[in-house]
Amino acid sequence: MTHGIVSPDHTGELEYSAVSLPIGALSEDHSAVVGAGGHLFLVGGSNGLIRQYAEPTEADQIASLRAKVLVWSTLTESRDSRARAAGAEYVQICIPDKSSSLDSRVAGLGPVTPLLRDVDRELADAPFYVSGRSALAEASQDSRSVNDLWLRGDSHLGPRGAAVEARALISALTDASFMDDVRFSPSGVFLGDLGARFFGRPIPEPDLVPASPWLEKVAQGRVLQSEHRPESGHTGRMLHWVTPQAPIDAKVLVFGNSFFSGGDHPRGLNFWISRAFKEHRFVWSAEMLDEVISEQRPDVIICQTVERFMTSVPPA
């Protein structure tokens, strides 16, 4: 397979050849599927994503959904109270899965899980809540296509989509107009996390890099002060940036997952948030950890989850 010679460091222009695959074709392990627009989508895995799209019809299923929505509502309200007691402002974002943002045209996969739909409705008027799905839908009206916001061979956002979600978070706190003039251009290739499930190795796709006067300015003096990696897995990973030229003079603490990523590439929200705030700490955690808040004393606390994980409500 010729794409085996293409690396993420490739800088030359690539030629691409289309290969027709039927929509609905499953990977060998049945965890991913071919969808519309050349996109690959998660369907299985430990969270059984496609099953989460089933609309409850029985009384006990409807009651169970409502109870889960109320648990999420209670959790986020508790987080807001705890943050305020610590002298911090709190923001919660739920990022949709790609199949709730794009029309996959795969039967049963979309348009949104009942749980995310109802949580979005329940928390729509909460000042601390950001609907990641709504932010992407609004942004797609101003871009060439919502397809541009997601990576094709991966389950995560592309650089444009990550910038949209980061801007939605920042706008919930303060003025985000410094992001107005960000422009993207092709550079190199990216190897996603879903292609190998079909073809035995990742499939390269064009990568994007952003540029703007803001990004150029904050690059001066920006430092990754510390990094902690757990012995196994991702939970507990910690990153700490200081960006003296950042436009927001505040200390932000984020509890999130792989959608924030490592901070070195605009596919992850850490790239954007760490360049917006003068001090930024990221903790890979589904929970909002009071001991970390007490130690770090942030001005802002951001908690993030993704749709497929919402069936498991964090204890704190």
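## Helix α4

A residue counts as buried when its relative accessible area is under 20%. By that cut-off, helix α4 of this predicted model is mostly covered, with ten of its 13 residues buried. Among them are Pro-159, Gly-161, Glu-165, Leu-169 and Ile-170. Ala-162, Ala-163, Ala-166 and Ala-168 are buried too, as is Val-164.

Helix α4 takes in residues 159-171. From its first C-alpha to its last, α4 reaches 18 Å. That is close to the 18 Å expected at 1.5 Å a residue.

## The sheet

Seven strands form an open sheet with mixed pairing. Their order is β4-β3-β11-β9-β10-β8-β7. Strands β4 (129-131) and β7 (223-228) stand at the edges. Each has a single partner strand, so one side of each is left without a neighbour in the sheet. From one strand to the next, the twist averages 15°.

Helix α4 packs on this sheet. It touches β3 (89-95), β4, β9, β10 and β11 (300-306). The direction of α4 makes about 150° with that of β3. Helix α7 (residues 269-276) lies across β8 (238-242), β9 and β10. Helix α7 runs at about 145° to β10.

## Strand pairs

Strands β9 (residues 248-256) and β10 (residues 277-284) pair in the parallel sense, over seven bridges. Gly-256 stands opposite Trp-284 in β10.

The pairing of β8 with β10 is antiparallel, over five bridges. Here Leu-239 has Phe-282 of β10 as its bridge partner. Strands β7 and β8 also run antiparallel, joined by five bridges. Ser-226 stands opposite His-240 in β8.

## Met-238 in strand β8

Strand β8 holds Met-238. Is this residue buried or partly exposed? Met-238 has a relative accessible area of 37%, so it counts as partly exposed.

Met-238 and Val-283 are 45 residues apart along the chain, yet their C-alpha atoms are separated by 4.6 Å.

## Nonpolar cores

The largest nonpolar core has 59 residues. Which of them touch the most other members? They are Ile-170, Trp-214, Trp-272 and Phe-277. Helix α4 gives this core its largest share, seven residues.

Phe-277 has contacts well beyond its sequence neighbours within four places. Its partners include Ile-170, Leu-173, Thr-243 and Ala-246. Ile-248, Ala-250, Val-252 and Val-300 are in contact with Phe-277 as well. There is also a second, separate core, of 26 residues. Among its members are Val-69, Ala-126, Val-283 and Met-288.

## Cysteines

How many disulfides does the model have? The count comes to zero. A disulfide needs two cysteine sulfur atoms within 2.5 Å. For Cys-94, the nearest cysteine sulfur is that of Cys-303, 10 Å away. For Cys-303, the nearest is that of Cys-94, again at 10 Å.

Cys-94 has a relative accessibility of 1%, so it counts as buried. Cys-303 counts as buried too, because its relative accessibility is 2%.

Definitions and conventions. Residues numbered from 1 in each chain as written. Predicted model: local features only at pLDDT ≥ 70, side-chain atom pairs only at ≥ 80, totals over all residues. Heavy atoms only, no water. Helix = DSSP H or I, 4+ residues; strand = E, 2+ residues; numbered from the N terminus. Expected span 1.5 Å × (residues − 1). Buried < 20%, exposed > 50% of the residue type's maximum accessible area, 1.4 Å probe, protein only. Pairing = 2+ DSSP bridges. Axes fitted to C-alpha atoms, helices over the stretch in contact; angles between N-to-C directions. Contact = heavy atoms within 4.5 Å. Core = buried A, V, L, I, M, F, W, Y, C linked by side-chain atoms within 4.5 Å.
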